[in-house]
Amino acid sequence: MRASTISLLVLSLLVAAEASMRDDSRPKCKSCTANLVTITTTGAGAKAMDWDEINENGKCAMRTFICMGRNANIEVNGGDGVIDDQGTGIVIFTVTCNEDGTAWGGAGTEVTQIELALKVSKRRVGE
């Protein structure tokens, strides 16, 4: 055999070996990326996120958002839904990557935007 034929044969074997080592069994629902949810801080009382973590240890990826502070809340999709702290000072909102790996979902809806805020409570003078 000529050297070029041997080189092509070795290269083909290397490509085949690399392809066989890829993990094609990884479910698509573990491939959602952080940029699929826009995090805004434009509303009244808006603040930076206290916690934002993607965990891929379960069947599908899960992403957890945490907001802490007095009267904390997480507004979902421009205020279409609001999760408040129920007086605890902490809100935890978890979303799950869909089966196609194309969107995060939580509270029965596709989540594309969230904002963390501390509600400004209006108190009257003397209260």
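This is a predicted model: local features need pLDDT of at least 70, side-chain atom pairs count only at pLDDT 80 or more; totals for chains, interfaces and linings use all residues.
Q: How many residues of strand E10 are buried?
A: Strand E10 spans residues 113-118. The strand is mostly covered. Of its six residues, the buried ones number five.

Q: Which residue is the bridge partner of Ile39 in E10?
A: Strand E1 covers residues 38-40. E1 and E10 pair in the parallel sense, over three bridges. In E10, Ile39 has as its bridge partner Ile114.

Q: In which sense do E2 and E10 run, parallel or antiparallel?
A: Strand E2 consists of residues 46-47. Ala46 has Ala117 of E10 as its bridge partner. Two bridges join E2 to E10, and the strands run antiparallel.

Q: Which residue in E10 does Ile74 stand opposite?
A: Strand E5 (residues 72-76) is joined to E10 by five bridges. These two strands run antiparallel. Within E10, Ile74 stands opposite Leu116.

Q: How far from Glu115 is the nearest side chain of opposite charge?
A: Glu115 belongs to strand E10. Glu115 is buried yet has no salt bridge. The nearest side chain of opposite charge is that of Lys47, at 12 Å.

Q: What is the length of the polar contact between the side chains of Thr40 and Gln113?
A: Thr40 sits in strand E1. Leaving aside neighbours within four places in sequence, Thr40 is in contact with Gln113, Ile114, Glu115 and Leu116. The Thr40 side chain has a polar contact with that of Gln113, at 2.7 Å.

Q: Which strands stand at the edges of the open sheet?
A: Five strands form this sheet, in the order E3-E4-E7-E8-E9, with antiparallel pairing. Each edge strand has a single partner strand, so one of its sides lacks a neighbour in the sheet; the two are E3 (51-55) and E9 (109-111).

Q: What is the average twist from one strand to the next in the sheet E3-E4-E7-E8-E9?
A: The sheet is open and its pairing is antiparallel. From one strand to the next, the twist averages 35°.

Q: Which residue in E4 is the bridge partner of Ile54?
A: E3 and E4 (residues 62-68) run antiparallel. Five bridges join them. In E4, Ile54 is partnered by Arg63.

Q: Is Arg63 buried or exposed?
A: Arg63 forms a salt bridge with Asp52, at 2.6 Å from N to O. Arg63 lies in strand E4 and Asp52 in strand E3, eleven residues apart. Asp52 is partly exposed, at 37% relative accessible area. Arg63 has 2% relative accessibility, so it counts as buried.

Q: How many residues apart in sequence are the parts that Arg26 and Glu56 tie together?
A: The two side chains meet in a salt bridge of 2.8 Å, N to O. Arg26 lies in the loop between helix H1 and E1, and Glu56 in the loop between E3 and E4, so the parts tied together are apart in sequence by 30 residues.

Q: With which residue does Asp50 form a salt bridge?
A: The structure holds three salt bridges. Asp50 is partly exposed, at 32% relative accessibility. With closest N and O atoms 2.7 Å apart, Asp50 forms its salt bridge with Lys47.

Terms used. Residues are numbered from 1 along each chain as its sequence is written. Side-chain values use heavy atoms; hydrogens and water are left out. Buried means under 20% relative accessible area, exposed over 50%, partly exposed in between (1.4 Å probe, protein chains only). Helices (H or I, at least four residues) and strands (E, at least two) are DSSP runs, numbered from the N terminus. Two strands pair if DSSP finds at least two bridges between them. Axes are lines fitted to C-alpha atoms, for helices over the stretch in contact, and angles run from 0 to 180 degrees between N-to-C directions. Lys and Arg count as positive and Asp and Glu as negative; His and the chain ends are not counted. A salt bridge is a side-chain nitrogen of Lys or Arg within 4 Å of a carboxyl oxygen of Asp or Glu. A polar contact is a pair of N or O atoms within 3.5 Å; within protein, one must be able to donate a hydrogen and the other to accept it, and residues adjacent in sequence count only if both atoms are side-chain atoms. Contact means heavy atoms within 4.5 Å.
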